[in-house]
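Work through the exercises below with the sequence and the coordinates open. Each task is followed by a solution in steps.

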Amino acid sequence: MALLDYFLQKKEKQVTTAFKAKERLQIIVAHERTCRNKQPDYLPQLTEDILNVLRKYIKVSDESFSINLDKKEGNLNVLELNIELHDEKSRD
Amino acid sequence: MARIIVVTSGKGGVGKTTSSAAIGIGLALKGHKVVLIDFDIGLRNLDLIMGCERRVVYDFVNVINGEATLNQALIKDKRVSSLSILPASQTRDKDALTKENVGKILEELAKTFDYIICDSPAGIEAGAMMALYYADEAIVTTNPEVSSVRDSDRILGMLASRSRRAELGLEPIKEHLLLTRYSPKRVEEGEMLSVEDVVDILSIPLLGVIPESQAVLKASNSGEPVILDIESDAGKAYQDVIERLLGETVEFRFLVAEKKGIFTRMFGG
């Protein structure tokens, strides 16, 4: 009986617990690494403020605006703004 | 230039102190001047693993507070004369350690010693941060087990962002993976993450694989670091770690389970 169990078990062993462990870890570690490299706390407020200033002069939708803070080598940080300007016509 | 090496992990109980003790003795046996520092303020244990618990008079915090000199606090190992131990204090305030005063002590030690091994406390609190802050290299001790691997990854994040090297924009801390409590048999049975799995997930260079071994408990029972048990599998694995730390290329051992009996082999186990 033990021998039978042994062979049956062998067949079910396609997905081992070690395999599951690796999969789960890869997902959680990848997720936590992205959070770790997350943008600084002030960025949402900064985005809001910049948008408000821009909107005094031009029409900017949320989709046509993006902001990014990138860490380059060493101590260099680059703040990147991307604003898509629409046709004057659509402005009114 | 002294090499400052932190032995860290995030998770507790994975073998940081065992590894610190083994590596300290191992490097000293190679003729280097080594100091082992216990950063686990309040939960001193390195002294016990090193077998010098009854010789502790002054500790790390005494030195910081100016109640003792470094020379008074350092305990010379009885087996290897080029090895000293700076014990953690047992009862004092954890906040005694600051970047400034720890920095001063390390600077002082760097004048005499070739290797400064910092045995980090578990967790990611102030003590652990202090242990890794000045490090040039980090030995990330990990068990092949989900929580340990995840915590090791957290610590890798800390090494990259909270260390002195990170703050000053210097060359990053050199990271080493030390996989401990490894059981090749369980890996083959699909019950344990393999070396490749862990290296894959953490993606840092592998320094050593220490097999799960009865020698480790025996070593701590008697206060004789396991590397001195030269016949044991764990002892040999730590000797390989020393060679690699010193720049040698040594093949990894104890990665496959011992040969199985004829019956299991016949039935394809």
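A salt bridge is a side-chain nitrogen of Lys or Arg within 4 Å of a carboxyl oxygen of Asp or Glu. The model is predicted, and side-chain atom pairs count only at pLDDT 80 or more.

**Exercise 1. Apply the salt-bridge rule to B:Glu212 and B:Arg181, and state which parts of chain B the pair ties together.**

Step 1. The N to O distance between the side chains of B:Glu212 and B:Arg181 is 3.2 Å, and the pair forms a salt bridge.

Step 2. B:Glu212 sits in the loop between strand E8 (206-211) and H11 of chain B, while B:Arg181 belongs to strand E7, so the bridge ties together parts 31 residues apart in sequence.

Step 3. B:Glu212 is partly exposed at 41%, and B:Arg181 is partly exposed at 42%.

Step 4. Now take the backbone of B:Arg181: its phi is near 55 degrees, a positive value in a residue other than glycine. Most residues other than glycine have a negative phi.

**Exercise 2. Locate the salt bridges B:Arg79 to B:Glu224 and B:Arg253 to B:Asp240, and classify each partner as buried or partly exposed.**

Step 1. In the pair B:Arg79 and B:Glu224, the closest N and O atoms are 3.6 Å apart. B:Arg79 lies in the loop between strand E3 (75-76) and strand E4 (83-86), and B:Glu224 in the loop between helix H11 (214-222) and H12, so parts of chain B 145 residues apart in sequence are tied together.

Step 2. B:Arg79 has 32% relative accessibility and counts as partly exposed; B:Glu224, at 37%, also counts as partly exposed.

Step 3. For B:Arg253 and B:Asp240 the closest N and O atoms are 2.9 Å apart. B:Arg253 is in the loop between H12 and H13 and B:Asp240 is in helix H12, so this pair ties together parts of chain B that are 13 residues apart in sequence.

Step 4. B:Arg253 is partly exposed at 34%, whereas B:Asp240 is buried at 7%.

Step 5. The loop between helix H12 (233-245) and helix H13 (262-266) also holds B:Phe254, whose phi is near 60 degrees. B:Phe254 is partly exposed, with 25% relative accessibility.

**Exercise 3. Describe the contact between chain A and chain B.**

Step 1. Chain B contributes 21 residues and chain A 17 residues. About 1600 Å² is buried between the chains, with 55% of this area from carbon and sulfur atoms.

Step 2. The interface has four salt bridges, and A:Glu32 with B:Arg150 is a salt bridge at 2.7 Å, N to O.

Step 3. On chain B, helix H7 (146-161) and helix H10 (195-202) each supply at least two residues of the side that touches chain A. H7(B) gives the largest share, six residues. By class, that side of chain B has eight nonpolar, six polar and seven charged residues.

Step 4. A:Lys22, B:Asp197 and B:Asp200 are linked in a salt-bridge network.

**Exercise 4. Why is helix H6 of chain B described as largely enclosed?**

Step 1. Helix H6 (residues 126-133) has eight residues, and six of them are buried, so the helix is largely enclosed by the rest of the structure.

Step 2. The buried residues of H6(B) include B:Met129, B:Leu132 and B:Tyr133.

Step 3. The packing partners of the buried residues of H6(B) are strand E1 (3-8), helix H5 (99-112), strand E5 (115-119), H7 and helix H8 (164-167) of chain B.

Note on methods:
Residues are numbered from 1 along each chain as its sequence is written. Chains are lettered from A and ligands numbered from 1 in the order in which they are written. This is a predicted model: local features need pLDDT of at least 70, side-chain atom pairs count only at pLDDT 80 or more; totals for chains, interfaces and linings use all residues. Side-chain values use heavy atoms; hydrogens and water are left out. Contact means heavy atoms within 4.5 Å. Buried area is the accessible area (1.4 Å probe) that two parts lose on being put together, summed over both. Helices (H or I, at least four residues) and strands (E, at least two) are DSSP runs, numbered from the N terminus. Ala, Val, Leu, Ile, Met, Phe, Trp, Tyr, Cys and Pro count as nonpolar, Asp, Glu, Lys and Arg as charged, and the others, Gly among them, as polar. Buried means under 20% relative accessible area, exposed over 50%, partly exposed in between (1.4 Å probe, protein chains only).
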